[in-house]
Amino acid sequence: MEGSPTLEVVEAPLDAEDVLRGTVPVPEALPVLPLRDSVAFPDTITPLAVGQPRSIKLVDDVLGGNRMLVMVASRNPEKDEPTPADLYGVGVIGVVERMIKVPDGTLRILVQATQRVRLDDFVTDEPYLISRITERPDVVERSAKLEALTRNVQRTFSEIVEQIPYLPEELQLAVANVDDPSALSHLIAGALRIETAEKQQLLEEVDVAKRLRHLSQILARELEVVQLGTQIQSQVQSEVDKGQREFLLRQQLKAIQAELGEVDEQMAEVAELQEKIEAANLPEDARKAADRELGRLAKLPPAAAEHGVIRTYLEWLTELPWDVETKDNLDIKHARRVLNGDHYGLEDVKERILEYLAVRKLNPDSPGPILCFVGPPGVGKTSLGRSIAKALGREFERISVGGVRDEAEIRGHRRTYIGALPGTIIRALRDAGSRNPVFMIDELDKMGADFRGDPASAMLEVLDPAQNDTFRDHYLDLAFDLSDVLFIATANQLDTIPGPLLDRMETIELAGYTIDDKRHIARSYLVERQIAANGLKPTQIDISDAALTVIIEEYTREAGVRNLERLIGTICRKVARQVAEGKAKGKVRVSGKKAREMLGRRRVFTETRRRTKDPGVATGLAWTPAGGDVLFIEAAATPGSGNLTITGQLGDVMKESAQAALSYVRGHQAEIAPKNGEGDWFASHDVHIHVPAGAVPKDGPSAGVAMTVALSSLLSGRPVRNDVAMTGEVTLTGKVLPIGGLKEKSLAAQRAGIKRVLVPARNEGDAAEIPRKELAGLEFVFVDEVSKALDVALS
C-alpha cells in the first residue's frame, strides 16, 4: 500500500559453520561493533538493535562484503560512540545472518558468533572502528576433573532454571544435551543475568577448566540468592496467611460474642469515634471540644437522650475537611482554554478569573474574591461557576438560597433543639471534602426574612473577607476558616439585595446574548448536547444555521438560551421519532422551513413597524429581571377638558413621568406643533396614556422620553420612526436624565429589529463599554434635551 512502512530483509549467503571449520579465511583486520551492556559468546546467536549512525554504516558495509565483524563489549555503556580505550580487549567474530530495516531508520540484525579473538591495534576509527585481530582458541585438557566440573555446572544450572522465571524450561533440556564443555560454558554464560564485567572475564578465559570453575562459583552464588529469595517469599506468605487466619478468627470471635450477647457496644463505639478523631487532624480548639464530648459520651448510657446528640456532633466534627484542601491549578493558559471551551463570550468574567489566578500565582496567601454574577435567567451564571471550579481544579458545591427565610439555614441550629443540624455552609463543606472549594450561592436576590430571622444578615459574615476566617456555625460552636473558599453568588437583580451585603461582593453583570451569540452558542454547545440527550447521532441529523436563526427570531424572545435549547430539543425529539419508526431515510436535514413545520405557528413577532405607523405611539425600552424588553407607549386624545388618564398597571414613578411629560409638551406646544396655532390644544382634549400588557405591573424611572415623544407625536400628527427606540427620564425643563441597564435594553432593541436607540448623553460611557461587535447594526444617538430626541424620533 502506498505510504505504508516497509521492512527490508537481507539474508546472509555466508555460513558461520564455514568460519568455525576454518574453510573461510578470517581477515587480518575486521570492523568492530561495540556492544552496550552485553557480551557475545562463541557458538551463540545474538540479536542486536543498531541505531547509531556509525554502527548502521558499519553493518551496511559489512553486508556488502564478507559479512564478518567483531563484537566487543564497551566498558562505558553510557557513551554513544566509544573509542578504542573504552572497549574491552577480547571479543568474538560474528557473521551477520539476517538484517531487517525498521521504518524508524534503525536496523535489527541476527549475528552468529564464531571465534574468540583479541583486538591488537586499531587501523582506523573513521567511519567506524577497524582493528587487527588475533584468534584465541580454547585450551581443553580432557580429564575426570573437567568432566566433574561439566556435570556440576549442568546440575546447578538446572536447579536455577527451575526457580527463576526468566529462564525457559527448554534451556534446561538444551544444557543437558550439550556434551562439549566449552560450548556448555558459552551457552550458560550467555543466558545468565550477571554483570558485564563477569561475563567478559568468562569470555577472556581460554582455559575451559578454569572457565567452568569460575562459572560454577557464579552459579553457586546465584543459586544461593535464588534460594534466599524463595525463603523470604515463603516467610512473607506465611506471615500473610497468619494475619488472614488471625483476622478470620477475630471475626468468628466477634460473631460468637454477638450470639452470646457479650459485646460491649458502647466501648466499641467510643473506640471507633476515637480513631476518627485521631485521623481527622483537628485544630486545637476543635480537638479539645471533641475530647471533651467523647469523654461525656463514654460516661453516658446508650439509652440517655443526649447520647445520640453527642455522637452526631462528633461525627460532624470528624467529617469536616479541617486540613484537607485541593491544590490550585494556576496555569493561566489552561484556565483560559477551559473557560473558552465551556462558554462563549462573557469576557469580563473570564478576565476577572484569570486576574485572580495571576494574583494567586504571585501571592499564594491572597484571599479569594467574592463575586456576584447578576443577569437574567439562562445566560450561564451557574454553569460558569462550574467551569471556574474546573479551571482551578477545585471541588464545586452549589447552594440555593432562593426562598430561604430562616437564619438557621445559614448558621445552623443550636444543639439544644431536637434534630439540630449545621447550616448549609458547613453541610456543603462536608460534601465538598475540601476546605477550599468553589461555592455557588444561587438566587441571592430571592432570600426573604420573617420572625425567624434575616438570612441575608447571616450571609454578611459568610461573604465578608474580614470575618469569614472565623465563621462560627451555631451547631458546631467552633470557628471554621472560610477565607480559602471562592464564593460566587448569582442574582437576577440587585434591587432586592440589602446594601451591606451587596457592598461585600464584586458585581459582574451578564446582560444577555445577541442573536449572533445565540447562534454561535447553539452551534457549538446546544445542538450537540441535545442530539446526545435525545439518543441521536451526528450522522442522523443536521440542523442548519437557517433553522437556528428561525428558532431564535421567530420562537424565542429571551436574554439567555434556555428556551432556545428546549426548542432544539423539540426538533431532536421529532427526528428521533422518525428514526425510531424507520421513516427517516439517511441524514435528516432541518432547514428553516422544516423547523417552522416542526415547531408550529410563530410565537414571536416584531411589532415595531405596525405599532408605530399611527401618531401617538412610541417605542420605549425597559429593564426586567429576565433581561431587556421593548415597551410601547400609546397616547390617544378625545374631546374633553384637558384631563389625563393613565392605564397599564403603572407604578407611581411611571405615573409621575407621564405627568412630567404632559407638562413639558403643554408648555412647548408652539414648538412641537406649530400648525395647531397659538391656542391650547390640550384645553379641548382629554389625553389617555396607555402601556399595553396591562396585566403586567410596570414601574421605573426611564420612560419619560418615550412618553414625551408619544405625546408630541399625538399633538403634531407626525408618527414616530419605526426603526427608533428610546430610553431616558425627562425633567420639566426638558433635560434627559441617565438610566441603568443600557446593555440589556440595547439587546432587546436589537432583537426587535430596531436600528437606532436614543440614549441619555450621560450614558455615553456605559455605551462605550459595550463591545461594538455585540450590537452590530445598532446606532446610539446621545441626547441631553428632549427637543433633540423629538428631532430624531419624529418622521
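## The second largest pocket

Helix H13 gives the most to the lining of the second largest pocket, with five residues. This is a predicted model, in which local features need pLDDT of at least 70, side-chain atom pairs count only at pLDDT 80 or more, and totals for chains, interfaces and linings use all residues. Residues are numbered from 1 along each chain as its sequence is written, and side-chain values use heavy atoms, leaving out hydrogens and water.

The volume of this pocket is about 560 Å³. Its lining has 26 residues, and the closest to the centre are Gly378, Val379, Gly380, Ser383 and Val561. H13 (381–392), strand S13 (486–491), helix H18 (515–533) and helix H20 (562–580) each supply at least two lining residues. By class, the lining holds 10 nonpolar, eight polar and eight charged residues.

A pocket here is an open set of points on a 1 Å grid over the protein atoms alone, where a 1.4 Å probe fits, with protein on both sides within 12 Å along at least five of seven lines; lining residues have an atom within 4 Å of a point. Helices (H or I, at least four residues) and strands (E, at least two) are DSSP runs, numbered from the N terminus.

Threonine 514 sits in the loop between strand S14 (506–509) and H18. It is buried, at 3% relative accessibility. Buried means under 20% relative accessible area, exposed over 50%, and partly exposed in between (1.4 Å probe, protein chains only). Threonine 514 and serine 746 are 232 residues apart in sequence and 9.6 Å apart in space, C-alpha to C-alpha.

Arginine 108 lies in strand S6 (residues 107–124). At 37% relative accessibility, arginine 108 is partly exposed. Between arginine 108 and threonine 549 there are 62 Å in space, C-alpha to C-alpha, and 441 residues in sequence.

## Salt bridges

The structure holds 45 salt bridges. Each is a side-chain nitrogen of Lys or Arg within 4 Å of a carboxyl oxygen of Asp or Glu. One of them joins glutamate 278 and arginine 287 (2.8 Å, N to O). Glutamate 278 is partly exposed at 47%, and so is arginine 287 at 24%.

Glutamate 315 and arginine 311 form another salt bridge (3.1 Å, N to O). These two are four residues apart in helix H10 (residues 305–319), so about one helical turn separates them.

Arginine 721 pairs with aspartate 723, with the closest N and O atoms 3.4 Å apart. Arginine 721 is partly exposed at 32%, whereas aspartate 723 is buried at 17%. Elsewhere, salt bridges that share partners join Glu293, Arg296, Glu306 and Arg415 into one network.

Methods:
Grid points are joined across faces, edges and corners, and a volume is the space filled by probe spheres set on the points. Ala, Val, Leu, Ile, Met, Phe, Trp, Tyr, Cys and Pro count as nonpolar, Asp, Glu, Lys and Arg as charged, and the others, Gly among them, as polar.
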